[in-house]
Each structure stands twice: as structure tokens, then as C-alpha cells.
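Dear colleague,

Please find below the structure that I am handing over to you, with its sequence. My findings follow it.

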Number of protein chains: 2
Amino acid sequence: MNSRSPLMRRPHPPRGRPRDPDKRLAAIAAAKQLFVVDGLRGTSMDAIAKLAGVSKVTLYSYFADKDALFREALSQACQGLAAEDAYVLNGPGTLRARLTQIAEGFFDLITSADAISLYRLMAANPRRHRKLSLLFWEAGPEATMQRFARLLAEATAAGELRLTDPRAAAAQFFFLIKGEQHLKLLIGVVDKLASKERRAHIDRTVTMFLRAYGAAS
Amino acid sequence: MNSRSPLMRRPHPPRGRPRDPDKRLAAIAAAKQLFVVDGLRGTSMDAIAKLAGVSKVTLYSYFADKDALFREALSQACQGLAAEDAYVLNGPGTLRARLTQIAEGFFDLITSADAISLYRLMAANPRRHRKLSLLFWEAGPEATMQRFARLLAEATAAGELRLTDPRAAAAQFFFLIKGEQHLKLLIGVVDKLASKERRAHIDRTVTMFLRAYGAAS
DNA sequence: GTCTATATAGCGATAGAC
DNA sequence: GTCTATCGCTATATAGAC
């Protein structure tokens, strides 16, 4: 309340030993690694402290409680998703070739071990913090679909495709690509995919999409 | 070691109070109910015993450990999926109307609270027991797709559809229907769906499917 | 002196096994 | 109901950086 309260003091003049930001990063990295494999309940603060090479007290000096660490680690993992942007937007080659290339990018991204682990975690702790779910949704599937929808709109304007709702068509493409393989990985029916299945699946998807929306239809 | 050991005795003459099979069923029902909501780790044996109205000792007399109970409960829940067979196979009306009806059946089944909970559970404990994953896969998605594939084959034979791989087309239909809404429910971005979205989504799916595979194309 | 980090020890609660 | 293990979290004491 009073203007000279210690609580109101500028935080700038730091006295004492400065914090080591590397420890914070190490803690988050360790947490991310463990949470993603063993889940929230399956990961102990002890294990995180040990893996990060810091003491438990240090952990609690940076994060109020386990949930805060969880939130931070998951938030970073979610934002890491959007960074993956391997697929090319517009290039040479037939429409089919370009769609196939994008499909491959989608597919490999979404069936990666990291992405599967994240999906699992998001599915396992749905109501832990809705904000995290939303963050994941927007940084992952939604961002991917939005970008693809713009491509579809361009291709439509260029007369290569016939569609009225690019966003909906992008979603269809996205979920067709996810399809069977992603679900099997997610629930653990299989551990890894055969490259033959991958090719066949991608080809089938592109073929169906073009049959539905291709201008040559 | 000796042939008259009590352990070698024939199990037939049962002494003591006979087991009550109802308690076993009550335990499984309670476990199913709790596991599906709170997950494996989130459910304690105490809570199961309490809900089932049996003592913990009784629980352990029927199931070697928590995992065995989990396995039994999940196995039952998975088999319960296949029983839901609300959608009609062949009826009157246009092909589009029939596909729409089936799509509605798919959609409502897969977005039901029970199904979502099961999906969550299967995603959260992937390598807990691979047999369970396989059971879920075969009783759920695989069975659904197989049945639908037969319908597609019939429609193709009748000249209503043009497709070469009914199983693949069934999978495409299935995952198109799941789509965005199912994922949002699974990760908790939304709690329930707007009926308007449901209709629009189903219509879009059927429309795309017919554009790709309809004979009138 | 003052703050941060580390190590250790322990509390309170809960859960699985029997 | 008992036993034991573990977990989240805290208290205490000490060392080191400014």
C-alpha cells in the first residue's frame, strides 16, 4: 500500500547469488522428457530433479508446485510442434506431386515419436488445464490446417481445385492423413510403421482428395 | 514335493464359505466405471472396493493385483463397444440418405462419453498390455470398418459406387467422420458438441465421399 | 549481510499388497 | 486393518556468490 514498501521495490538491484537460468531450463527439459513418457502422475519430482542435475529445493524455487512445472514443460512441447514446417508450399511439379509432398510432411510430423507422445499426454490429462489443451490444439492441428487451407484456396483460385470451403477441405485432408496409422500408434497396437504402408496410405489419400476436389474431375 | 501335499489336493471338495460371483461382477463393474473416468493410476483399490461394496481382501482374492483387475475391466469395456450396432445396413432411400444415416451412427457412437473415455484410456496406457490395445482395436475401429467395407462392396456391386478397395474406403469414411470433433473431445478442447456442427460435419463428409466414389461422378 | 543453491532429513498423506 | 513404500512438499543447516 505505502509507496516505499519493500514489495514495491524495483526488482532490479539483485543482491546475493544470482539465479542460474540453465537450471531452470534443465528442469524443464528433464520434466518434458519424463512427463511425455510416463505421464504426470508417473513422474516424480525426485526423478526430475535427478535427471536435471539439480536439487529438489531448487526445483521448488523456480516452480510453485508440480503442476506449474508440468504446465511449463507441456507449453514448450506444444510450441515446439508449430516449428516443424518441413513441407513446401508452392513449387514445381503437378498438383498431385505437390499434394503428395505435403501429405508426406503431415504424415511424418504427426507419426513422429514426439508428436505421438504429446497426443497421448493431451488425451490422458484432458481437464488438467484446459488452456494447455487449447494451446496444443492451436499450435498443432489448427495451425497446420490453417496453413494448408491457404494453399487450397490458392490452388482453387488458380483453377487447379474445385472447392468452396478450404478450411473444411484442409481438415478432411489432415484427418485422412492421420487415419489408421496414427490411431494404431497412439493406442500402441503397433510401434512403428512399414514404409510400404506409408506410401500406399499417402497415395490413397491424395487420390481420393483429387477425385473429390480436383478440377479435372 | 510329497504326493500327499495339501497343495496337490484335488480342488473339488470346496471347504469354507463359497465364493459369491456377484462380488466379482460388482468389482469389475466398479473398476470399469472408475478406471474409465480417472485412469489406471487415478483409481485406488480402496475406491473400487468401496464402490463395489466389497472389502479390499475380497478384491485381492479375485484379482492377483491391480493390473489384473484393470485388464479384466478394460476387456469388458472393449467388448461392449462392438455391441453398439445402431446403424442400419441396407434400407430404402437414396444412397446419400443411407450413407448419412450410417455416418450419424458412426459419429454418435464415437463421440459418446463412453467411447471418448475408452479412447483416452487406451491412449494413456499404450504399452500397459498390448493385448488390450489389440482387443480394443479389433472390437472397435476394425470391426466397424469391416462391417462398413462390406456395405461398400455391395454398393459397388450394385453400381452405386465406384471403388476398388472397400476396406480402404471404409477407413477413409471412418476417419473423416471422426475428424476434428473427436480429437477436440479427446484432448478436452471442448466438452460437448453443437448439433449444428454435427450436421454440417456429417454432410460435408458424405458429400466428399460421394464426390470421390459416387457412380454418378 | 543477503540471497541462492545443495544436501539431508522428515512430515503428512496416500496407495498397493496381503 | 496393517504394513510398507512412495510422493509431494517443507524445514534445517551449510556453503558459496555478490
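I begin with helix H2 of chain B, residues 45–52, in which the buried residues are B:Ile48, B:Ala49 and B:Ala52. These residues lie on the same side of H2(B), because the arc they cover around the axis is only 100°. Their packing partners are helix H1 (21–38) and helix H3 (56–62) of chain B. Just after H2(B) comes B:Gly53, with a positive phi of about 75°.

Please bear in mind throughout that this is a predicted model. The average pLDDT of chain A is 88, and 88% of its residues score at least 70. Residues 1–12 of chain A, however, have a pLDDT below 50, and this stretch makes one contact in the model beyond near neighbours in sequence. Where pLDDT is low, the predicted coordinates should not be read in detail.

I turn next to the relation between the chains. Chain B is superposed on chain A by a rotation of 179° with 0.0 Å of shift along the axis, at an RMSD of 0.2 Å. This is the relation of a two-fold axis. Within chain B, the residue that comes closest to the rotation axis is B:Ala212, whose C-alpha is at 2.1 Å.

In the interface, 34 residues of chain B are in contact with 35 residues of chain A. On the side of chain B that touches chain A, the elements giving two or more residues are helices H6 (113–124), H7 (130–157), H8 (166–187) and H9 (195–213) of chain B. H8(B) gives the most, with 12 residues. By residue type, this side of chain B comprises 18 nonpolar, seven polar and nine charged residues. Because 100% of the interface residues of chain B are also interface residues in chain A, the copies meet through the same surface.

H9(A) has 19 residues and spans 27 Å from its first C-alpha to its last, close to the 27 Å expected at 1.5 Å a residue. Its buried residues are A:His201, A:Ile202, A:Thr205, A:Val206, A:Met208, A:Phe209, A:Ala212 and A:Tyr213. They cover an arc of only 165° around the axis and therefore lie on the same side of H9(A). The covering of these buried residues includes helix H5 (95–110) and helix H8 (166–187) of chain A, together with H8 and H9 of chain B. The exposed residues A:Lys196 and A:Arg199 are carried on the face of H9(A) turned away from its buried side.

With kind regards

Definitions and conventions: Residues are numbered from 1 along each chain as its sequence is written. Chains are lettered from A and ligands numbered from 1 in the order in which they are written. This is a predicted model: local features need pLDDT of at least 70, side-chain atom pairs count only at pLDDT 80 or more; totals for chains, interfaces and linings use all residues. Copies are superposed by least squares on the C-alpha atoms of residues with pLDDT of at least 70 in both. Two residues are in contact if their C-beta atoms, placed from the backbone, lie within 7 Å. pLDDT is the predictor's confidence in each residue, from 0 to 100. Helices (H or I, at least four residues) and strands (E, at least two) are DSSP runs, numbered from the N terminus. Ala, Val, Leu, Ile, Met, Phe, Trp, Tyr, Cys and Pro count as nonpolar, Asp, Glu, Lys and Arg as charged, and the others, Gly among them, as polar. The expected span of a helix is 1.5 Å times one less than its number of residues. A residue is buried if 20 or more other C-beta atoms lie within 10 Å of its own, exposed if 12 or fewer, and partly exposed in between; C-beta atoms are placed from the backbone. The arc is that of the directions from the helix axis to the C-beta atoms.
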